[in-house]
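Please look at the structure below with this briefing beside it.

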Amino acid sequence: MSDLRNNGRKKLLFLGVTGSGKSALCNVLSQPVKTDDTPPTLNFPESKSQKIGNTQTILKNINFLGRKFRRNNENISFIDTVGFNSTEMTNTAVAELIVSLKDSCDFIHLFAIVVSSPKRIEASLKETIELFKGMFGKEEFWNNSVVIITNLSQSDDEISRRSMRNSDEQLIKDFNTSLVETFDLERFIPTFIIDAHYRGSKPDERDRFQNSANSLCRLLMDSTGMSVCNVENVTGRLEGLQEEVDKQRKERRKAQREAENARKEAEKARKEAENARKEKAEFKKKLIVGAGGAIVVAGIIAAPVLAPWGATAAQAAAATAASAASAAAASATTAASVAAAAAASEGGTAAVVTATTAAAVALTR
């Protein structure tokens, strides 16, 4: 789950009953327009049936239709809310929604009321809308809401077939009339048909999908944000809801702390591995294997000492140590020779004796 607070993006919240197509819609709108019939990547988990919906609100930053917008340097965030049906509006589900919005979001710019088809308004949809009205206020909610119909094919053939009974325009009008009567509204709500299962290989379906999606995006970009600061106002509607909200918030913060601790441990392990790599590289600089197996120690090349074929690791290590010792002895002998030569050139007998003694001591170490 993403934290959408202070991200500078327009935020679109999808609400609706289980099986309305919220998650499927989020998936197709967050990816490039299809040119074939390949199913979209499931960035938002879809419900397995009409009765079993998602149990968690998903908040994500997305690129609308897979592209980045430059207008006001803004992109978009999607909020795919828990789906409710007439038996699912439990304290646990509502509390999860409240905590997700209050703790991971700051503003909502547009509400998308998602329905699979423009039929009568079911009791579960009415209850869901009432919940969000209680969170944001009636006027604020309806002034920033749209309706999206997800399961009306936009192929030429299907549109023609439906028009023999009712045109799509009439279906939209009838559904808005039901909204006005049910919720005592003074106007129709902007409504889009966006087929969440359009076929990219069909130009008619693809073009209508893209045109409707772009219209929705323009409306979102022109919307002003509503603060989520009052979403807990609905906790008085259900007995025990506030206690459930407090419980879930405590559990979420515990999970966040555990995730942060795990991140710190992973960073510590990464640094330790990096330090080990550097130490290994530094060691290689001090002990370099020369051509033919000779070992270079302090700039002196010692004769290679090869372990017998099949030697044990201990034997091989002993051979390497012997080679290094030979290199050190050679270094000491060289130093003694230089000192003796310098002393002889000056005629200093004491200096010769001192240099020779130093060489003998070095060789015995």
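In what follows, a residue is called buried if its relative accessible area is under 20%, exposed if that area is over 50%, and partly exposed in between, as found with a 1.4 Å probe on protein chains only. The model is predicted, so local features need a pLDDT of at least 70 and side-chain atom pairs count only at pLDDT 80 or more, while totals for chains, interfaces and linings use all residues. Residues are numbered from 1 along each chain as its sequence is written, and side-chain values use heavy atoms, with hydrogens and water left out. Helices (DSSP runs of H or I, at least four residues) and strands (runs of E, at least two residues) are numbered from the N terminus.

**A covered helix**

- Helix H1, which spans residues 22-29, is mostly covered, as eight of its eight residues are buried.
- The buried residues of H1 are Lys22, Ser23, Ala24, Leu25, Cys26, Asn27, Val28 and Leu29.
- Contact here means heavy atoms within 4.5 Å, and what covers the buried residues of H1 includes the strands S1, S2, S3, S5 (110-115) and S6 (145-149) together with helix H7 (203-221).

**The sheet**

- Two strands are said to pair if DSSP finds at least two bridges between them, and on that basis six strands form an open sheet in the order S2-S3-S1-S5-S6-S7, with mixed pairing.
- Strands S2 and S7 stand at the edges with a single partner strand each, so one side of each is left without a neighbour in the sheet.
- The twist from one strand to the next averages 25°, where axes are lines fitted to C-alpha atoms, for helices over the stretch in contact, and angles between N-to-C directions run from 0 to 180 degrees.
- Strands of a sheet pair through backbone hydrogen bonds, either parallel or antiparallel.
- Strand S1 (residues 10-15) pairs with S3 in the parallel sense over five bridges, and Leu13 has Ile79 as its bridge partner in S3.
- Strand S2 (residues 58-62) runs antiparallel to S3 and is joined to S3 by five bridges, with Ile76 in S3 as the bridge partner of Ile62.
- Strands S5 and S6 run parallel and are joined by five bridges, and the bridge partner of Ile113 in S6 is Val147.

**The enclosed strand S3**

- Strand S3 (residues 76-80) is largely enclosed by the rest of the structure, because five of its five residues are buried.

**Two helices in contact**

- The axes of helix H2 (residues 91-104) and helix H3 (residues 123-136) come within 13 Å and cross at roughly 40°.
- Val94, Leu97, Ile98 and Leu101 in H2 meet Leu131, Phe132 and Met135 in H3.
- By class, the contact of H2 with H3 has seven nonpolar, no polar and no charged residues, where Ala, Val, Leu, Ile, Met, Phe, Trp, Tyr, Cys and Pro count as nonpolar, Asp, Glu, Lys and Arg as charged, and the others, Gly among them, as polar.
- An α-helix has 3.6 residues a turn, so residues three or four places apart point the same way.

**Cysteines**

- A disulfide is a pair of cysteine sulfur atoms within 2.5 Å, and a search of the whole structure finds zero disulfides.
- Cys26 is buried, with a relative accessible area of 0%, whereas Cys229 is partly exposed at 43%.
- Cys217 lies in helix H7 and counts as buried at 4% relative accessibility.
- The C-alpha atoms of Cys217 and Lys10 are separated by 9.8 Å, although these residues are 207 residues apart along the chain.

**Residues with a positive phi**

- Leu65 is not a glycine, yet has a positive phi of about 55°; Leu65 is placed in the loop between S2 and S3 and counts as buried at 5% relative accessibility.
- Asp184, also not a glycine, has a positive phi of about 55°; Asp184 is found in the loop between helix H6 (168-183) and strand S7 (191-193), and counts as exposed at 58% relative accessibility.
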